[in-house]
Amino acid sequence: MAKSKLAKANEKIAEGVVGGYKKIEEGVVGGYKKIEEGVVNGFNKMTDKFVDEFLTKEGESVEDAKKRMAEEQAARKGRL
């Protein structure tokens, strides 16, 4: 059965709307991901600096200090 001109035009409009929506969605999601990444990276830099300044022991790296603190926290939770 042949499609009418109205049905073909309707499909073309629908494709255009869906395509436009996808472009907007990708732009919004991409922008959100960039902002989220920036915030998370900034927070991680801030926590690393805090741990480095106040919580590391002599000769201990920031990663080692974080691991040590996580183990201490887990041990405290195990005792409660």
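Q: Why are Arg 68 and Glu 60 called buried?
A: Both Arg 68 and Glu 60 are buried, which means that each has under 20% relative accessible area; exposed means over 50%, and partly exposed lies in between (1.4 Å probe, protein chains only). This is a predicted model, in which local features need pLDDT of at least 70 and side-chain atom pairs count only at pLDDT 80 or more, while totals for chains, interfaces and linings use all residues. Residues are numbered from 1 along each chain as its sequence is written, and side-chain values use heavy atoms, with hydrogens and water left out.

Q: What makes the contact between Arg 68 and Glu 60 a salt bridge?
A: The N to O distance between their side chains is 3.0 Å. A salt bridge requires a side-chain nitrogen of Lys or Arg within 4 Å of a carboxyl oxygen of Asp or Glu, so the pair qualifies. Salt bridges that share partners join Glu 60, Arg 68 and Glu 72 into one network.

Q: How many salt bridges does the structure hold?
A: There are four. One of them joins the side chains of Lys 66 and Asp 48, at 2.4 Å from N to O. This pair links distant parts of the chain, with Lys 66 in helix H2 and Asp 48 in helix H1, 18 residues apart. Helices here are DSSP runs (H or I, at least four residues), numbered from the N terminus.

Q: Why do Lys 66 and Asp 48 count as partly exposed?
A: Lys 66 has 32% relative accessibility and therefore counts as partly exposed. Asp 48, at 28%, falls in the partly exposed class as well.

Q: Why are Glu 53 and Lys 49 separated by about one helical turn?
A: They are four residues apart in helix H1, which means a separation of about one helical turn. Lys 49 is partly exposed because its relative accessible area is 48%.

Q: Why is Gly 59 called exposed?
A: Its relative accessibility is 83%, so Gly 59 counts as exposed. Gly 59 is placed in the loop between H1 and helix H2 (62-79). From Lys 34 it is 25 residues away in sequence and 35 Å away in space, C-alpha to C-alpha.

Q: Which class does Leu 55 belong to, and why?
A: Leu 55 counts as partly exposed because its relative accessibility is 31%. Leu 55 lies in helix H1 (residues 5-55).

How values were computed:
Helices (H or I, at least four residues) and strands (E, at least two) are DSSP runs, numbered from the N terminus.
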